[in-house]
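Please read them with the structure open.

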Amino acid sequence: MSKVQELWEEFRTVFSGRGPVVDSIVPPVVFLTVNALGRFDVALGAALLCAVAFSLFRLLHREPLRYAIGGLLAVVAAVAVARLLGRAEGFFVPGLVTGAAVVVVCLVSIVVRRPMVAWTSAVARRWPWEWYWHPRVRPAYTEVTWLWAFYFGLRLFVQLKLFRSQSTELLGLINLLAGWPGIIVLLIVSYVYGIWRLRQLQGPSVEEFKAGKEPPW
(Lines give C-alpha, C1' and ligand atoms only; values in the text may rest on other atoms or scores of the structure.)
Protein backbone atom coordinates (compact mmCIF):
# COMPACT_ATOMS: atom_id res chain seq x y z
CA MET A 1 0.00 0.00 0.00
CA SER A 2 1.40 3.41 -1.01
CA LYS A 3 1.72 6.36 1.38
CA VAL A 4 -1.15 8.12 -0.40
CA GLN A 5 -3.37 5.06 0.05
CA GLU A 6 -2.40 4.78 3.72
CA LEU A 7 -3.19 8.47 4.28
CA TRP A 8 -6.53 8.06 2.51
CA GLU A 9 -7.45 5.06 4.66
CA GLU A 10 -6.63 7.05 7.80
CA PHE A 11 -8.91 9.87 6.67
CA ARG A 12 -11.70 7.43 5.84
CA THR A 13 -11.46 5.97 9.33
CA VAL A 14 -11.45 9.40 10.96
CA PHE A 15 -14.48 10.67 9.06
CA SER A 16 -16.47 7.46 9.06
CA GLY A 17 -18.71 6.28 11.86
CA ARG A 18 -15.76 4.29 13.19
CA GLY A 19 -13.65 7.40 13.77
CA PRO A 20 -13.63 10.01 16.52
CA VAL A 21 -15.17 12.89 14.58
CA VAL A 22 -18.86 12.10 15.04
CA ASP A 23 -18.42 11.17 18.70
CA SER A 24 -16.60 14.39 19.51
CA ILE A 25 -18.65 16.82 17.41
CA VAL A 26 -22.28 15.80 17.94
CA PRO A 27 -22.53 16.22 21.77
CA PRO A 28 -21.25 19.84 21.71
CA VAL A 29 -23.60 20.65 18.82
CA VAL A 30 -26.51 19.18 20.77
CA PHE A 31 -25.49 21.21 23.83
CA LEU A 32 -25.27 24.47 21.86
CA THR A 33 -28.59 23.85 20.11
CA VAL A 34 -30.57 23.07 23.26
CA ASN A 35 -28.83 25.79 25.27
CA ALA A 36 -29.76 28.33 22.59
CA LEU A 37 -33.38 27.57 23.41
CA GLY A 38 -32.74 28.73 26.96
CA ARG A 39 -32.54 25.29 28.56
CA PHE A 40 -29.11 25.14 30.22
CA ASP A 41 -29.77 22.11 32.46
CA VAL A 42 -31.57 20.28 29.66
CA ALA A 43 -28.67 21.02 27.31
CA LEU A 44 -26.20 19.45 29.74
CA GLY A 45 -28.34 16.34 30.07
CA ALA A 46 -28.88 16.09 26.31
CA ALA A 47 -25.14 16.27 25.58
CA LEU A 48 -24.43 13.61 28.20
CA LEU A 49 -27.16 11.31 26.90
CA CYS A 50 -25.82 11.75 23.38
CA ALA A 51 -22.32 10.67 24.45
CA VAL A 52 -23.74 7.68 26.33
CA ALA A 53 -25.77 6.71 23.25
CA PHE A 54 -22.63 6.65 21.10
CA SER A 55 -20.88 4.38 23.59
CA LEU A 56 -23.86 2.00 23.75
CA PHE A 57 -24.16 1.98 19.96
CA ARG A 58 -20.53 0.97 19.55
CA LEU A 59 -20.86 -1.64 22.28
CA LEU A 60 -23.89 -3.23 20.63
CA HIS A 61 -22.17 -3.26 17.24
CA ARG A 62 -18.94 -4.58 18.74
CA GLU A 63 -16.96 -1.62 17.44
CA PRO A 64 -13.81 -0.18 19.08
CA LEU A 65 -14.86 1.86 22.10
CA ARG A 66 -11.73 4.03 22.42
CA TYR A 67 -13.24 7.00 20.57
CA ALA A 68 -16.66 6.80 22.20
CA ILE A 69 -15.19 6.34 25.69
CA GLY A 70 -12.84 9.28 25.14
CA GLY A 71 -15.75 11.37 23.95
CA LEU A 72 -17.92 10.24 26.87
CA LEU A 73 -15.27 11.15 29.44
CA ALA A 74 -14.76 14.52 27.75
CA VAL A 75 -18.50 15.27 27.87
CA VAL A 76 -18.74 14.15 31.51
CA ALA A 77 -15.91 16.53 32.40
CA ALA A 78 -17.49 19.33 30.35
CA VAL A 79 -20.88 18.85 32.01
CA ALA A 80 -19.30 18.77 35.47
CA VAL A 81 -17.37 22.03 34.92
CA ALA A 82 -20.33 23.80 33.33
CA ARG A 83 -22.54 22.73 36.23
CA LEU A 84 -19.94 23.83 38.77
CA LEU A 85 -19.51 27.27 37.17
CA GLY A 86 -23.19 27.65 36.38
CA ARG A 87 -22.23 29.03 32.96
CA ALA A 88 -22.70 27.54 29.51
CA GLU A 89 -19.14 28.55 28.59
CA GLY A 90 -17.90 26.15 31.26
CA PHE A 91 -18.81 23.30 28.91
CA PHE A 92 -15.74 24.18 26.86
CA VAL A 93 -13.25 24.59 29.73
CA PRO A 94 -11.82 21.02 29.45
CA GLY A 95 -11.02 21.77 25.80
CA LEU A 96 -9.21 24.94 26.83
CA VAL A 97 -7.17 23.03 29.40
CA THR A 98 -6.27 20.36 26.82
CA GLY A 99 -5.21 22.99 24.30
CA ALA A 100 -3.05 24.76 26.87
CA ALA A 101 -1.41 21.45 27.77
CA VAL A 102 -0.55 20.80 24.11
CA VAL A 103 1.10 24.23 23.84
CA VAL A 104 3.16 23.62 26.99
CA VAL A 105 4.24 20.15 25.83
CA CYS A 106 5.23 21.53 22.42
CA LEU A 107 7.38 24.30 23.92
CA VAL A 108 9.01 22.10 26.55
CA SER A 109 9.81 19.42 23.97
CA ILE A 110 11.50 22.03 21.78
CA VAL A 111 13.56 23.35 24.69
CA VAL A 112 14.83 19.85 25.56
CA ARG A 113 15.52 19.19 21.83
CA ARG A 114 13.05 16.34 21.60
CA PRO A 115 10.19 17.87 19.53
CA MET A 116 6.73 16.56 20.30
CA VAL A 117 5.83 15.83 16.67
CA ALA A 118 8.80 13.48 16.47
CA TRP A 119 7.44 11.53 19.45
CA THR A 120 3.97 11.23 17.91
CA SER A 121 5.46 10.16 14.57
CA ALA A 122 7.70 7.56 16.21
CA VAL A 123 4.78 6.05 18.11
CA ALA A 124 2.59 5.94 14.99
CA ARG A 125 5.22 4.75 12.49
CA ARG A 126 7.50 2.75 14.82
CA TRP A 127 10.63 4.16 13.22
CA PRO A 128 13.91 4.17 15.21
CA TRP A 129 13.96 6.87 17.88
CA GLU A 130 17.57 7.68 17.08
CA TRP A 131 16.67 8.67 13.50
CA TYR A 132 14.45 11.50 14.75
CA TRP A 133 17.31 12.95 16.79
CA HIS A 134 19.76 12.97 13.87
CA PRO A 135 21.07 16.55 13.33
CA ARG A 136 19.76 16.52 9.74
CA VAL A 137 16.35 15.20 10.71
CA ARG A 138 15.44 16.81 14.04
CA PRO A 139 15.20 20.41 12.67
CA ALA A 140 12.27 19.42 10.45
CA TYR A 141 10.34 18.00 13.39
CA THR A 142 11.27 20.98 15.55
CA GLU A 143 9.86 23.41 12.99
CA VAL A 144 6.66 21.40 12.62
CA THR A 145 6.32 21.36 16.42
CA TRP A 146 6.61 25.17 16.38
CA LEU A 147 3.76 25.15 13.87
CA TRP A 148 1.66 23.06 16.24
CA ALA A 149 2.49 25.35 19.17
CA PHE A 150 1.42 28.37 17.11
CA TYR A 151 -1.85 26.77 15.99
CA PHE A 152 -2.93 25.61 19.44
CA GLY A 153 -1.67 28.84 21.03
CA LEU A 154 -3.67 31.00 18.63
CA ARG A 155 -6.74 28.82 19.11
CA LEU A 156 -6.40 29.07 22.89
CA PHE A 157 -6.03 32.87 22.72
CA VAL A 158 -9.25 33.23 20.72
CA GLN A 159 -11.10 30.77 22.95
CA LEU A 160 -10.09 32.61 26.12
CA LYS A 161 -11.24 35.93 24.67
CA LEU A 162 -14.64 34.46 23.84
CA PHE A 163 -14.85 32.69 27.21
CA ARG A 164 -14.26 35.93 29.10
CA SER A 165 -16.84 37.77 27.00
CA GLN A 166 -19.32 34.91 27.61
CA SER A 167 -19.86 34.45 23.86
CA THR A 168 -21.12 30.89 24.10
CA GLU A 169 -22.25 30.46 20.49
CA LEU A 170 -19.04 31.91 19.02
CA LEU A 171 -16.94 29.85 21.43
CA GLY A 172 -18.76 26.71 20.37
CA LEU A 173 -18.32 27.58 16.70
CA ILE A 174 -14.57 28.15 17.10
CA ASN A 175 -14.28 24.88 19.03
CA LEU A 176 -15.95 23.01 16.18
CA LEU A 177 -14.04 24.65 13.32
CA ALA A 178 -10.67 24.62 15.08
CA GLY A 179 -11.28 21.09 16.35
CA TRP A 180 -11.12 18.18 13.94
CA PRO A 181 -11.49 20.24 10.71
CA GLY A 182 -8.63 22.52 11.74
CA ILE A 183 -6.49 19.66 13.03
CA ILE A 184 -6.93 17.73 9.79
CA VAL A 185 -5.66 20.77 7.86
CA LEU A 186 -2.80 21.09 10.36
CA LEU A 187 -1.86 17.44 9.82
CA ILE A 188 -1.82 17.87 6.04
CA VAL A 189 0.29 21.04 6.22
CA SER A 190 2.64 19.35 8.71
CA TYR A 191 3.06 16.34 6.45
CA VAL A 192 3.72 18.37 3.28
CA TYR A 193 6.10 20.80 5.00
CA GLY A 194 7.88 18.00 6.87
CA ILE A 195 8.60 16.06 3.66
CA TRP A 196 9.87 19.21 1.92
CA ARG A 197 12.06 20.20 4.88
CA LEU A 198 13.60 16.74 5.22
CA ARG A 199 14.61 16.90 1.58
CA GLN A 200 16.15 20.33 2.15
CA LEU A 201 18.17 19.04 5.10
CA GLN A 202 19.49 16.16 2.96
CA GLY A 203 19.65 13.78 5.89
CA PRO A 204 19.42 10.00 5.76
CA SER A 205 16.15 8.31 5.02
CA VAL A 206 14.84 5.85 7.60
CA GLU A 207 16.02 2.95 5.45
CA GLU A 208 19.48 4.49 5.01
CA PHE A 209 19.72 5.14 8.74
CA LYS A 210 18.75 1.56 9.58
CA ALA A 211 21.34 0.26 7.11
CA GLY A 212 24.02 2.51 8.61
CA LYS A 213 24.77 4.12 5.25
CA GLU A 214 27.38 6.87 5.23
CA PRO A 215 26.82 10.28 3.59
CA PRO A 216 26.08 11.53 1.03
CA TRP A 217 22.49 10.36 1.44
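**Notes on the predicted model**

1. F31 and F91 are both buried. F31 belongs to helix α2 while F91 sits in the loop between α4 and α5, so the pair ties together parts that are 60 residues apart in sequence.

2. A second aromatic pair is W131 with Y132, which is edge-to-face: the centres are 5.0 Å apart and the planes are at 75 degrees. W131 is buried, at 3% relative accessible area. Y132 is buried as well, at 0%. Over the whole structure, 14 aromatic pairs are found.

3. On the overall fold: there are 11 helices and zero strands. The pattern along the sequence is therefore α-α-α-α-α-α-α-α-α-α-α. The protein has 217 residues, of which 40% count as buried. If contacts between residues at least 6 apart in sequence are taken, 65% of them join residues at least 24 apart.

4. Which residues have the most contacts inside the largest nonpolar core? They are W131, Y132, Y141, W148 and F152, in a core of 24 residues. At least two core residues come from each of α5 (93–111), α6 (116–125), α7 (129–132), α8 (138–164) and α10 (180–201). The most is given by α8, with seven residues. A separate second core has 20 residues, including V75, V79, A88 and L171. In soluble globular proteins, nonpolar side chains tend to be buried together.

5. The surroundings of Y132 can be checked residue by residue. With neighbours within four places in sequence left aside, Y132 is in contact with A118, S121, A122, R125, W127, V137, R138 and Y141.

6. Helices α2 (20–36), α4 (66–85), α5, α8, α9 (168–177) and α10 each supply at least two lining residues. The largest share comes from α2, with seven residues. By residue class, the lining divides into 17 nonpolar, 10 polar and two charged.

7. Leaving out residues up to four places away in sequence, Q159 touches L96, L171, I174 and N175. One of these, L171, is also a member of the second core.

8. E208 is placed in helix α11, residues 206–211. At 19% relative accessible area, E208 is buried, since the cut-off is under 20%. Beyond residues up to four places away in sequence, E208 touches G203, K213 and W217. The C-alpha atoms of E208 and W131 are separated by 9.9 Å, although the two residues are 77 apart along the chain.

9. Most residues other than glycine have a negative phi. R113, however, has a positive phi, near 65 degrees. R113 is in the loop between α5 and α6 and counts as partly exposed, at 48% relative accessibility. Q166 also has a positive phi, near 60 degrees. Q166 lies in the loop between α8 and α9 and is exposed, with a relative accessible area of 51%.

Key:
Residues numbered from 1 in each chain as written. Predicted model: local features only at pLDDT ≥ 70, side-chain atom pairs only at ≥ 80, totals over all residues. Heavy atoms only, no water. Core = buried A, V, L, I, M, F, W, Y, C linked by side-chain atoms within 4.5 Å. Buried < 20%, exposed > 50% of the residue type's maximum accessible area, 1.4 Å probe, protein only. Helix = DSSP H or I, 4+ residues; strand = E, 2+ residues; numbered from the N terminus. Contact = heavy atoms within 4.5 Å. Nonpolar A, V, L, I, M, F, W, Y, C, P; charged D, E, K, R; others polar. Phe/Tyr/Trp six-rings, centres within 6.5 Å; stacked < 30°, edge-to-face > 60°.
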